[in-house]
Amino acid sequence: MIKSGKGGGNTKTGLVFEGKTDLATFLGKQKGYTVIDNNVYYNDEKVARIFKKHGFYNFLEELGIDWTKLISKRLLPDDSIYVIINNTLYIIECKFQQVAGSVDEKLQTCDFKKKQYQKLMSQANIEVEYVYLLSDWFKDPKYKDVLDYIISVRCQYYFEYIPLAKLGLPVPETDEEA
């Protein structure tokens with residue numbers, strides 16, 4: 001159950017997305033970054049490509065990968081970013097709660113889903129990382145076991161934001177560093 005009965009489209013999406021936008025919009029607002037047609041440029045150099053939900057399957061098609069021959073059911077990532085400079089696809093699943101609900105069990109599926117994405121990307125020799133972007137709700141001690149599990153199966157989680165460096169993306173210099 002979600003507070004006020006609102007669905008996922010109305011939930012907070014975290015600081016990395018400025019609480020209201022997707023990854024492409026967030027990156028496009030960062031110093032040195034430009035996003036054009038889901039292509040991500042840093043200082044005019046293409047560094048990544050972003051895919052949401054079904055857009056991921058267009059990427060597979062470009063790579064000549066027929067997903068139906070590798071997995072039995074289509075996976076739809078909340079957000080995914082293929083970082084060219086480190087040849088890694090980051091699957092980013094956003095999970096935000098304010099009351100107990102079904103998201104609790106969904107956190108336990110990361111190992112299976114990561115392996116499914118790895119099956120898809122192995123033909124292209126692209127690494128896969130599976131990352132949860134969680135609301136502070138999941139800092140409650142009752143989630144300790146599931147958070148430990150996420151780490152034990154080599155998936156990752158962050159609360160409210162994901163640092164650009166963790167995605168292998170260039171980090172813009174701040175005015176203080178210049």
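Residues are numbered from 1 along each chain as its sequence is written, and side-chain values use heavy atoms, with hydrogens and water left out. Because the model is predicted, local features need pLDDT of at least 70 and side-chain atom pairs count only at pLDDT 80 or more, while totals for chains, interfaces and linings use all residues.

**Salt bridges**

Seven salt bridges are found in a search of the whole structure (a side-chain nitrogen of Lys or Arg within 4 Å of a carboxyl oxygen of Asp or Glu). The table lists some of them, including one formed by Arg 49.

| Pair | N to O distance |
|---|---|
| Arg 49 and Glu 62 | 2.8 Å |
| Asp 136 and Lys 139 | 3.3 Å |
| Lys 144 and Asp 148 | 2.6 Å |

Arg 49 and Glu 62 meet in a salt bridge. This pair links distant parts of the chain, 13 residues apart: Arg 49 is in strand β3 (residues 45–51) and Glu 62 in helix α2 (residues 55–62). Helices (H or I, at least four residues) and strands (E, at least two) are DSSP runs, numbered from the N terminus. Lys 144 and Asp 148 lie four residues apart, about one turn, in helix α5 (residues 144–152).

Relative accessible area is classed as buried under 20%, exposed over 50% and partly exposed in between (1.4 Å probe, protein chains only). Arg 49 is buried at 17%, whereas Glu 62 is exposed at 53%. Asp 136 is partly exposed at 39%, and Asp 148 is partly exposed at 38%.

**Helix packing**

Helices α2 and α4 (residues 110–122) pack with their axes 10 Å apart, at an angle of about 30°. Axes are lines fitted to C-alpha atoms, for helices over the stretch in contact, and angles run from 0 to 180 degrees between N-to-C directions. The angle makes α2 roughly parallel to α4 (under 35 degrees). Phe 56, Phe 59 and Leu 60 of α2 make the contact with Tyr 117, Leu 120 and Met 121 of α4 (heavy atoms within 4.5 Å).

**Aromatic pairs**

Rings of Phe, Tyr and Trp (its six-membered ring) pair if their centres lie within 6.5 Å; planes under 30 degrees apart count as stacked, over 60 as edge-to-face and the rest as tilted. The count comes to 10 aromatic pairs. Among them, Tyr 33 and Tyr 42 are tilted, at 4.8 Å centre to centre and 50° between the planes; both Tyr 33 and Tyr 42 are buried. Tyr 130 and Tyr 132 are edge-to-face, at 5.5 Å centre to centre and 85° between the planes. Tyr 130 is buried at 0% relative accessible area, and Tyr 132 is buried at 1%. One aromatic cluster is formed by Phe 56, Tyr 57, Trp 67, Tyr 117, Tyr 130 and Tyr 132.

Technical notes
Parallel < 35°, antiparallel > 145°, perpendicular 65-115°, else oblique.
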